[in-house]
Amino acid sequence: MSMNNASFKQLGWTRLVGVGTAVATLCAIGFGLSAQGPEWQVLSSKRGEIPAPPGGSTQQTGAVVADFDKDGLNDFIISFRQKPPALAWYRRRNTGWELYVIEKDYLPIEAGGAVCDIDSDGDLDVVFGGDWQSNEVWWWENPWPAYDRNISWHRHFIKRGGANQHHDQCFGDFLGVGKPQLAFWNQRAKALCLAEIPSNPRVCDQWTLTEIVSGVTTTSVPYTEGMSAFDVDADGKVDLLAFNSWFKHMGGKNFKQIKVADQGGLILAGCFKASKYPQIVISPGDGKGRLMLYECVGNPETSADWKGRDLIGRELIHGHSLQVGDINGDGCLDIFCAEMAKWSEKKLEADHPQATAWILYGNGRGDFRKTELAVGHGWHEARLADLDGDGDLDLLNKPYNWDTPRIDVWLNAGTGKVRK
């Protein structure tokens, strides 16, 4: 069937780019894009193909993806503020998703989230932090295998007290002690913190905290954000990346900050070309800035030896989605990035109606073929992961407050054969 722009608006887009003759394949649950990349089957809670987010909150903050029930299929958890419940678990089954509320109470949860087996019982637990209204960071104990839709997971404290706002968290063995620690931003303290998992986390309500860096300032964005883990200097040890820098462990609880860029934001690393050291990609989260790829041309511990280039050619406006992975299955890393369409809570219309999502297909030599996935669709904290168990990478999107409450899943090449 054919579709005009009005029909696209009913699906939540003002325009789809690169559709061409593939529009004829559009059906009630998705559409195909052109041969520039994989075809995508789009499932949405707006059409009932995914359970609607519970509670009616229009502010959807964080998202994490992992196999929480140990069945071999990835699930996802979405966080909300404004109204309870605070956390919802979308449990992947062979035929779709089942919705569980895992924090029924109201909590002012900030964007971010991280996953780790915190209590060493063989299943994955989840972490989220409080926003500008809260001085707390929490973790939820996975009750595997005893799940009950009506019972919240047990919530524990990691941090209580001090300054507010904790946008972004990440686990990694940054101290080199053989077990992971939790890194997180504490924006109102202007500090990057490291929290060590206690020997009995179920009874400890304040983890040991170390400030890796304090007094952090920003330029074109309102606050520091963005965090990930990667072996940046190729010494066999995982390093912490945050905002515009990477942090090398110097022994004990001491870290050396190596600034990679003037502009900071969401930050990831990967090998986009054959090189001794990985490259680093940075996108502005809350604010404006360029999508930049930085390559080390000398010593990775020397800031001046990191050289950047613009990958999009214009400023991104609230580019609050950045992911790295092999999307088209050619063995080369690709980049997904996207803008928010709306971030103002006190008005109904979009702040950025032409918000764009891009896929940059890498060729393994550091070059990219830039494609536009969608225009007019709001993205926030999107995740790139296998969401249907068929072995390729799909996209999870939960807008912050554009057309919310809403969850969208973009299935790469449609629904494949699900592992059972």
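This is a predicted model: local features need pLDDT of at least 70, side-chain atom pairs count only at pLDDT 80 or more; totals for chains, interfaces and linings use all residues.

**Entry 1: Pro 180.** With that cut-off, and leaving aside neighbours within four places in sequence, I found Pro 180 in contact with Cys 116, Phe 171, Gly 172, Asp 173 and Ile 197.

**Entry 2: the chain as a whole.** I counted 1 helix and 30 strands in the protein chain, and of its 420 residues, 57% count as buried. Among contacts between residues at least 6 apart in sequence, I found that 51% join residues at least 24 apart. The chain exposes about 16200 Å², and carbon and sulfur atoms supply 49% of that area.

**Entry 3: Glu 110.** Is Glu 110 buried or exposed? I noted a relative accessible area of 5%, and because buried means under 20%, Glu 110 counts as buried. Glu 110 sits in the loop between β5 (96-103) and β6 (114-116), and its side chain makes a polar contact of 3.0 Å with the side chain of Gln 165. Residues up to four places away in sequence aside, Glu 110 touches a list of residues that includes Thr 61, Arg 81, Phe 128, Asp 131, His 166 and His 167.

**Entry 4: His 320 and His 318.** I placed both His 320 and His 318 in the loop between β23 (316-317) and β24. His 320 has a relative accessibility of 1% and therefore counts as buried, and I read 13% for His 318, which is buried too. Not counting residues up to four places away in sequence, the residues that His 320 touches include Ala 111, His 167, Glu 225, Asp 286, His 380 and Glu 381.

**Entry 5: backbone geometry.** I kept in mind that most residues other than glycine have a negative phi, and most peptide bonds are trans. Against that, I noted that phi of His 318 is near 50°, a positive value, and that Gln 82 has a positive phi of about 90°. Gln 82 lies in the loop between β3 and β4 and is partly exposed, with a relative accessible area of 38%. Pro 85 lies in the loop between β3 (75-81) and β4 (87-93), and the peptide bond from Pro 84 to Pro 85 is cis, with omega near 0°. I found a cis peptide bond between Thr 404 and Pro 405 as well, with omega about 0°, and I placed Pro 405 in the loop between β29 (394-397) and β30 (408-412).

**Entry 6: the largest pocket.** Which residues lie nearest the centre of the largest pocket? I wrote down Met 227, Ser 228, Leu 268, Gln 323 and Arg 383, out of a lining of 33 residues. The elements that give two or more residues to this lining include β2 (59-66), β6, β14 (227-230) and β24 (321-325), while the largest share, 5 residues, comes from β18. I sorted the lining into 21 nonpolar, 9 polar and 3 charged residues, and I recorded about 760 Å³ of space in the pocket.

Notes. Residues are numbered from 1 along each chain as its sequence is written. Side-chain values use heavy atoms; hydrogens and water are left out. Helices (H or I, at least four residues) and strands (E, at least two) are DSSP runs, numbered from the N terminus. Buried means under 20% relative accessible area, exposed over 50%, partly exposed in between (1.4 Å probe, protein chains only). A polar contact is a pair of N or O atoms within 3.5 Å; within protein, one must be able to donate a hydrogen and the other to accept it, and residues adjacent in sequence count only if both atoms are side-chain atoms. Contact means heavy atoms within 4.5 Å. On a 1 Å grid over the protein atoms alone, a cavity is a set of points where a 1.4 Å probe fits but cannot get out, and a pocket is an open set with protein on both sides within 12 Å along at least five of seven lines; lining residues have an atom within 4 Å of a point. Grid points are joined across faces, edges and corners, and a volume is the space filled by probe spheres set on the points. Ala, Val, Leu, Ile, Met, Phe, Trp, Tyr, Cys and Pro count as nonpolar, Asp, Glu, Lys and Arg as charged, and the others, Gly among them, as polar. Accessible areas come from the Shrake-Rupley method with a 1.4 Å probe; for residues, only the protein chains shown count as cover.
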